[in-house]
Structures are given as structure tokens and as C-alpha cells.
Amino acid sequence: MNYLALFKGRARALLMDFSSLAIIIIAVAVSIYISKYSGNENTRGIIIEIVNEDKGMLGSRLIDILSAEETFKYHVTSYDEAIREVAGNKAQGIIEIVPDFSEKIGRGEYESLVHITVMADSYDMTTFTEMVINDVIKVWSEKLVEKRIGEIEGVKQDDLTLFREEIRDVWKRESLLDIESVMGKEEKTEEEENYFGIRWYAVFAMFYLCISGTWMCNYSSTGLLRRVSGRGGNIAFLFIFQSLPGIIIAFLGFIPVLVTSGHPDPVRVFVSFLIYICSSAAFALIICCMSGKFSNLVLISPICTMVVSLFSGLLCELPDWAKLWDSASVIIPGHWLYDAILEKRFFLGSMLVFVVWFMMGIGISWIFSKKKKQ
Amino acid sequence: MIEAKCLVKRYGSYTAVDDASLSLEKGEVVALLGSNGSGKSTLLSMLAMVLKPDSGEVTVDGLKGKQAKEKVAYVPQEIVLFEELTVMENLYAWSSLKGKENTERADYLVNELEMTDFKRKRVDRLSGGQRRRVNLAVALMGKYDYLLLDEPLAGIDAHGGECIEHLLKKEKEKGCSMILTEHNPTILLPLTDRSLRIERGHLTV
Amino acid sequence: MNPFMFILYDIKRLFGRGKTAFIAMLSPIPVILMFAMFLAPILTQGNGVFFSGAILNEDDSESVDQLMNIIINYEVKKGNVTVYPVKEKETGERMVDEGKVAVFMHIPPDTYTDSMNGKRAVMEFYYAPSRAFDALTFYTGIKSSISVFGQGIRLVNIAVGIAEKLGLREEEIFRIWDEGVLDLQNVFIHRGRVIGKNGIFLFGADYHFRFAIALLFATCAYMSSFPIMYLTSLDLSEIFSKRSIPTKRLAVYFIARIISGAILILSSFLIMFPVARLLRQIQLDFALSVIPGIILTSFVFSSLAVLLGSMFKRGQSALWAGLYFGTASVASVAFLSDKTDIPEALACLMRISPLRASVSIFSNGMFNLMIERYAFDMFVLFSTFVIFSAAGFALYRKRSAL
């Protein structure tokens with residue numbers, strides 16, 4: 001069999017298949033973006049409406065304190081307008097300061113000083129409620145301490161005025177009582193670079209090999225295997241030569257991602273990715289044989305890619321309590337790439353995993369071809 | 001009468017049908033003969049108004065558009081069926097008839113085309129010849145004055161061919177006009193009144 | 001033929017095309033299981049003790065002791081924590097390292113006097129990496145509230161400064177200090193009541209969970225529509241373009257497709273929804289409010305799938321378009337739907353996005369129903385359904401042999 005002709009034909013087909021090629025282009029762009037710009041949490045774009053119905057002065061004080069928070073953008077408005085803005089997805093929360101806010105605080109009552117409406121369809125609203133409570137606490141604390149000062153014998157109005165002046169910036173200053181977290185000795189004790197750019201590219205690359213592998217669906221059909229054997233060909237060689245173009249394309253996309261990631265040991269990651277992508281091709285063969293056709297592949301491949309990438313820790317860190325999954329994931333190619341990224345030993349494990357997946361892929365395609373009716 | 005004037009169809013630089021004009025009188029059966037790739041199917045599709053010509057027009061009893069289409073039943077060369085449904089379900093789904101008339105017509109066609117044995121089978125589990133019979137039956141599930149058939153006997157065995165020939169004869173006796181394309185003119189020749197030949201898009205008598 | 005029969009036939013066609021429709025319907029299961037795996041600690045919240053802690057209080061002041069009691073007693077009462085007092089810092093750290101406890105809190109000596117003197121006092125929160133998820137969630141809540149408490153101490157310091165300036169006796173000054181700190185503790189213990197809730201901290205800590213699960217539901221529902229896209233494209237290019245069908249009949253096929261598609265998507269919701277109720281004990285009335293949203297979402301995604309299927313001659317092309325469109329929609333909802341510092345055109349697109357509306361209905365409707373937002377989102381869904389259906393039918397007609 002003319003394996004070189006197969007390689008050229010497959011390469012041409014893949015390069016002309018712009019639909020799947022776009023995945024690699026997007027993967028490169030996203031991975032480089034993650035490497036360069038990740039870590040900037042931006043909640044500043046989220047608007048919160050404030051409705052101040054307070055008859056006293058403390059409502060305005062609360063608004064001053066809230067406005068000093070940089071987390072969200074605040075907008076003081078009427079209740080109806082606030083509801084309209086949130087309903088129309090122009091704002092994500094409402095803080096309604098009750099009419100007797102100042103009065104209640106003056107009497108030392110704390111029950112329902114503000115009403116909060118929060119839209120949960122935002123990943124960044126987690127800190128909102130705590131922040132509002134803290135800021136109300138600040139106003140409340142100020143009032144309580146001011147009251148205590150007022151009870152001091154001989155205190156004058158000037159003293160209270162001085163107190164109000166001095167507390168203006170107290171909330172910007174450091175807390176006198178704080179708590180700091182220290183992680184236990186078993187694991188790393190400082191924040192390390194996660195190289196999400198490389199990891200996510202690896203996930204995308206696996207997905208690319210699966211979704212562009214409709215040609216691999218034929219490996220589960222009797223016709224192809226018979227024809228190949230009839231011509232004295234070898235199915236394993238056939239698969240290798242046909243999958244090479246996809247592997248090369250994924251590999252070429254990896255180069256700019258690796259360069260921009262700034263990894264201290266790029267050679268290690270380079271070699272590890274090479275083995276990973278070959279294992280991914282074998283994994284893709286299994287997925288395509290199971291799918292049988294593109295309409296199934298488009299459903300199965302994103303889910304399977306996501307599952308194996310989650311287990312291997314490529315997509316995001318495994319929860320610390322999930323040590324069992326971490327151990328079980330040694331059979332997944334992504335686990336060894338992850339180890340290589342963290343500069344741990346990987347070579348033997350990844351080679352073994354590659355051989356196993358390759359043999360499994362060829363074996364499963366043979367089984368499927370036997371089971372399928374002509 | 002179906003009348004086609006100066007029909008032209010091009011696919012890029014290739015002209016499939018070039019300036020074809022013909023007419024089909026009421027009650028007439030015309031055979032459209034030609035080799036592979038001569039333009040038979042393209043011409044027939046335009047006559048059936050499922051393919052828009054680049055130029056020229058088709059009228060049916062002086063009518064155009066939707067009203068003209070309602071008078072024509074077309075049997076395409078490709079098997080155009082709902083593969084996941086059974087034979088009977090396909091007949092009911094494609095039929096423009098309603099109620100009892102629908103059921104009676106379906107039963108009639110199943111009997112005539114000897115599909116009783118497999119009428120409850122899914123179409124994707126039938127043989128090629130069986131599917132072609134269903135393909136024909138589906139087109140006949142309705143009211144029409146003109147019947148256009150594109151290679152109705154392709155892939156059919158001798159007995160199946162006889163059933164189809166018998167059915168078409170009955171349709172002719174009812175006054176239905178037909179144009180049918182065929183490679184082999186001998187099979188349906190007894191049915192035809194005249195024949196036309198098309199070669200490389202050019203129509204000749 | 002009875003129009004209802006067309007719907008039945010179309011359902012049969014959709015589910016009869018091999019295993020594609022079943023894969024679409026069941027595909028949410030592995031996704032939800034994976035999701036649940038990552039959030040198992042939250043799933044077990046409220047079901048009993050989920051972590052233990054050690055504490056060493058080396059400060060001998062009553063105020064700090066009271067503050068710690070407030071925090072610990074609250075968590076112990078909730079059943080989230082069991083606490084073991086230890087006598088040495090090394091003991092506590094060792095217990096964490098050996099996995100006997102998840103967290104160890106150490107309050108250094110002179111914490112109270114340092115803060116009285118305007119010097120920053122820092123408590124340590126030592127935790128086991130294997131229990132980082134629970135520990136850090138607890139830590140985040142306690143840090144923000146204690147931080148404000150600590151800032152409040154500055155107020156008390158200012159009051160004490162005024163008292164000193166006025167020449168009050170030392171006992172009086174100490175009384176003012178103690179009462180001031182007591183006030184702060186009183187405020188601290190009633191934090192939740194400020195917004196009418198019970199509890200001291202961790203309000204809203206699960207909002208990202210709500211959002212994530214809602215986005216997951218909507219994404220899985222969208223993926224369930226892929227068989228509809230594929231079949232529609234095939235129907236138009238291989239069947240309806242080759243058989244002449246009257247407009248009325250074409251409309252019947254079209255409506256049957258949308259309904260059968262909606263039933264397929266609804267089936268995947270029926271699998272996901274009970275799982276969600278198990279994952280999080282959602283109140284039944286909230287759960288019921290989501291059902292109209294689920295039904296309308298199914299119709300919207302079905303009509304969108306028919307539209308995409310009608311646009312492409314090849315089924316494969318329709319699926320690619322669906323995949324990219326879905327990815328772009330999910331990504332933009334995940335990262336942009338709540339932001340306002342984006343171009344106005346994009347912000348407007350996000351407001352009218354049916355995927356965003358679905359996610360909003362699920363995340364807010366299931367947990368935190370706001371009628372006006374619910375109504376707006378339902379209106380968005382209904383409008384997009386009408387638009388997609390109209391556009392889809394126009395293409396349907398154009399591509400069929402009419």
C-alpha cells in the first residue's frame with residue numbers, strides 16, 4: 001500500500017477542512033490570551049442599583065462607603081428604575097436602603113436594614129452580599145461608637161465633629177485584627193504559575209483530533225479492514241500515516257502557545273506534548289469508532305474530551321479532596337502532560353500510556369468492525 | 001397539456017439542457033430516452049417544476065406555479081423517502097389525500113405493487129427494488145393528471161417490473177398522461193405512444 | 001391525515017436515526033456527574049459535620065475569647081464543625097498535617113492589647129490541602145467579617161483617644177474600650193439580620209454554583225438540539241427539494257419538526273432537572289416556576305436548530321455551524337452577560353440572547369425569583385422563538401421544491 005499517498009491525501013483533506021482547522025486557530029488564540037492576560041478578574045463592569053429611601057443621613061453615608069468599593073459600579077436611582085434596569089439585564093443587583101435605616105440604627109436595631117436583590121446569573125456576584133453587609137456594619141459601627149462618645153462626660157460638639165472627620169478614611173486603612181491562611185506542609189506553599197494556556201491548548205488539540213476524525217469512523221467498518229488486508233496492508237500503519245497530518249497540525253499550533261507561555265523548561269513540555277498528542281490520536285480513534293458517524297461524533301467528542309481533561313487536571317485543578325481521581329488518572333494521557341508542565345517525571349509513564357491507548361484503539365476498531373453488519 | 005418552451009439549465013460552464021421544447025398531450029405516454037449524463041433527469045425535474053430552469057417556462061393546462069404543480073406527480077430517480085418510517089407510514093405522510101380516500105388509495109397501491117409482505121417494515125430495512133416500489137407508490141398517493149417518472153424500473157427485478165408496468169397501464173387507461181425516462185426502451189415500449197431522445201442536452205424526436 | 005400524526009411520525013424519525021437522539025438526550029448525565037464530582041463538598045453541606053478543627057487561643061482577654069466563641073458556636077450549632085482545643089501550636093499544626101483535623105486556628109498572645117494599641121494583630125488559619133475547598137470557603141467568610149471588625153476597632157481607638165484627651169480616668173477609658181468592642185461583637189453576631197437572614201457569614205457564597213449549574217443545563221439542552229439540525233438539513237437537501245409539497249403541507253412538516261425537536265430537548269431537561277433538585281434542595285414553588293422556562297427554552301432551541309439546519313445544504317455543515325454558534329453563545333454568556341463595559345452592540349446582543357435568558361431563568365428562578373426579570377427573560381425567549389420560526393420557515397420554503 002502507498003502509505004505516503006494516504007498521508008498526502010489526508011493532509012490535503014485536513015488543510016481544506018476549514019471548519020475543523022478553525023478549532024486549532026481558536027485554540028492558539030485563546031491559549032495565548034490566557035498565557036498573557038489571565039488572572040485579571042474584572043467585576044468592575046457589573047452595575048448595582050442603589051435605592052436610598054432613608055429619611056435620615058446614614059443612607060447617604062452608606063452610599064459613600066459603597067462607592068469607595070472598587071468591586072462594582074454603583075448607580076443611585078429610584079426603585080422602579082432599579083427594577084427596570086435589573087429586569088432588562090442592565091444591572092445585576094439592587095440595594096434598597098429602607099426608609100427607617102437611620103432611625104433603626106439610632107435605636108440600636110439591626111433587623112432588615114437593607115433589602116438586597118441579587119441576580120445569580122453572574123459568576124462574579126459571589127462577593128456582593130458579604131460586601132453589602134460589611135458596609136452596613138461600617139455605618140452601624142460608626143453610629144454605635146459615636147453614641148458611646150456622646151455618653152462620655154464633658155464631651156462637646158467639636159469632639160463629635162472631630163470624630164466624624166477622623167472616621168472618613170478609617171475604612172480604607174488596614175484592619176487591626178486580621179486572619180491569614182497558611183496551607184499545610186504536604187503541598188506547595190506558594191502560588192505557582194498554572195500554565196493554563198498550555199493546558200487548555202492540549203484540551204482543544206484533543207478535541208480537534210476527535211472532531212476532525214470522521215475518517216476514523218470507517219475504521220469500525222468491515223469493508224475498510226478487508227480491503228486493507230486484501231492489499232497486504234497493515235491497519236496500524238494505515239492509521240499512523242493517516243493520523244500524522246492531524247498530529248502535525250496540532251503540534252504546529254502548539255509552538256506559539258509554548259513560546260508565549262514562558263515555561264522554564266520548554267523542551268520537556270515539547271516532548272511531553274508530542275507523546276500526549278499521539279496518545280490523543282489513539283483516543284480519538286476509539287471515540288470515532290464508538291460514534292460511527294459525524295452526527296454522533298459532534299455530541300460524544302466534546303463530552304469525552306471534557307471528561308478526560310477534567311480527570312487529568314488539564315482543564316482545571318482537581319479538587320484537593322479528589323486524590324482518588326488523581327491516582328486513577330494515570331491512565332489518561334493528559335495526566336503525564338500535566339506532570340511535565342509541573343516539571344515532574346513523565347516520560348516512561350506517558351510512553352506506556354501511549355502504547356496502551358494505541359493498542360486499545362486498533363483493538364477496539366477491530367472489535368467494532370466484527371460486530372457491525374455489512 | 002404540459003408545455004415546455006426553450007428550457008435551459010447550466011451548471012457552471014456545463015450545459016445540462018440546451019433549449020429543449022416539448023409538449024405532452026392529455027392521455028399521451030411519451031418515453032424520454034438517452035444515455036447516462038444526457039440530461040434526462042434534469043429535463044424531467046424542470047418539467048416537474050422541482051428544478052428551476054435558467055431560462056424557458058413550463059405550463060400545465062395553461063397554468064403556472066403552484067396550480068400547475070398540483071396537477072403533476074413526479075417520481076424522482078433517487079429514493080426520496082422517510083427512511084425511519086414504515087412503508088405505510090410513508091404513504092400516509094406523503095399523501096395529499098385525506099381520511100378514508102387516503103387509506104383506500106394506500107391499500108390499492110400496496111396491492112398493485114405487491115408490497116403487502118413488507119408494508120409494515122421500515123424503509124431503511126428494505127432492498128433496493130422494494131424501496132423503488134415504495135418511491136413510486138408515494139408519488140401516486142394524490143390527485144394528478146400528469147405523471148413524470150425518472151427511471152422507474154432501475155434496480156427492479158422482472159416480476160417487480162411487470163407490476164409497475166401493469167399499474168402504469170391502468171393509470172393510462174384512466175386518462176393519465178406520462179413522461180418516463182428509461183435506459184432500456186424495450187421494457188416500457190408497449191406503453192408508450194411516442195419517444196423523444198436527448199443527447200448532451202439536445203432534444204430530438 | 002391528522003396533524004398530530006405528523007408530530008408522531010417526526011418523533012419517530014428523530015429517534016429512529018440510530019442512537020444520535022438518545023446520545024443527545026443522555027449526554028447531560030456524564031456532564032452533571034462530572035460537575036457533581038467537583039462540587040461534592042457543597043452537596044454534603046447541611047448534612048452533618050463535614051470538617052473538624054483545632055483551636056489554640058493564647059490571648060487571655062475576654063473579648064477575643066467571646067469573639068471566637070461567637071464564630072465557633074455558630075458553626076458548631078449548624079453542625080458544620082467539631083472543634084478540639086489544643087495547648088500548643090505545634091500540636092495543632094501536626095494534627096492538620098496528619099489529617100486528624102482539617103483546620104487549625106491560632107490566636108497569638110496579646111492579640112487584644114496589640115489591637116488596643118493600634119498595632120495590627122494577625123491570627124493564623126492553618127489548613128490541610130486535602131480539605132482546602134471547605135477550609136478556604138470558611139476562611140473567606142470569616143476573613144471579610146473579622147477584617148471589618150478589626151477596622152471597627154480603629155473607631156473605638158478614636159473614641160478612646162477622645163476620652164484620653166478629656167482627661168478621663170484609666171478605668172473609665174478601659175470601660176469605654178470594652179463597651180466599644182462589645183458593641184462591635186454585638187454587630188458581628190447579628191450580621192445576617194442586617195439583610196433579614198440568619199447566620200454570620202458566607203451569604204451568597206454559592207452564587208457561582210447557581211450560575212454554573214444553570215449554564216450547564218442550558219448548554220446541555222442546546223447540544224440536545226444537534227440531531228434536529230442534522231435531520232432538517234438532510235430533509236431539505238435530500239427530500240423536500242426533490243418532491244413537490246404544497247405550502248400548507250410544508251408548514252405542517254415544519255411545525256411537526258419544531259414540536260418533535262422541543263420534545264427531544266425537553267426529555268434531556270427531564271433527566272437534568274431532578275438531578276438538580278437532588279444536588280441542591282430547591283423549594284418546590286421555585287422549581288415549578290422554572291417549568292414554563294424549560295418548555296419555552298426547548299421550543300426556542302428547537303426552532304433555532306431548524307433554522308440552522310435550513311441554512312446549510314449538508315448536515316455536517318449545519319452541525320459545525322451549530323457547534324461554533326453554541327460555543328460562542330456559551331462563552332459570551334459565561335464571560336460577558338453581566339458586564340456593561342463592553343461595546344453597546346455587544347451588550348444589547350447579550351440582553352436579547354436566548355441562551356442568557358434561559359440561564360437567567362434557571363439560576364434566578366430556581367433560587368431567587370424576581371418576577372420582573374423572569375417576565376423579561378420569558379419575553380426574550382418568546383420573541384426569539386417567533387423570529388427563529390419565521391426565519392426558519394422562510395428558508396424551509398425557499399429550499400424546498402416550491
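Biologist: How many residues of chain A are in contact with residues of chain C?
Modeller: This is a predicted model: local features need pLDDT of at least 70, side-chain atom pairs count only at pLDDT 80 or more, and totals for chains, interfaces and linings use all residues. Residues are numbered from 1 along each chain as its sequence is written, while chains are lettered from A and ligands numbered from 1 in the order written. Contact means C-beta atoms, placed from the backbone, within 7 Å. Chain C gives 96 residues, and chain A gives 80.

Biologist: Which element of chain A gives the most to the side that touches chain C?
Modeller: Elements are DSSP runs numbered from the N terminus: helices (H or I, at least four residues) and strands (E, at least two). Those giving two or more residues include helix 4 (79-87), helix 6 (128-150) and helix 12 (294-312). With 15 residues, the top contributor is helix 6.

Biologist: Which strand of chain C is joined to strand 5 of chain A?
Modeller: Strand 5 covers 177-183. Pairing takes at least two DSSP bridges. Here seven bridges join parallel strands. I179(A) stands opposite M123(C). The partner in chain C is strand 4 (residues 121-127).

Biologist: What is the strand order in the open sheet of four strands in chain A?
Modeller: The edges, each pairing on one side only, are strand 2 (73-76) and strand 4 (114-118). Strand 1 (residues 47-52) runs parallel to strand 3 (residues 93-97), joined by five bridges. Pairing in the sheet is mixed, and the order is 2-1-3-4.

Biologist: Which residue is the bridge partner of N52(A)?
Modeller: Look in strand 3 of chain A. The partner is I97(A).

Methods: Two residues are in contact if their C-beta atoms, placed from the backbone, lie within 7 Å.
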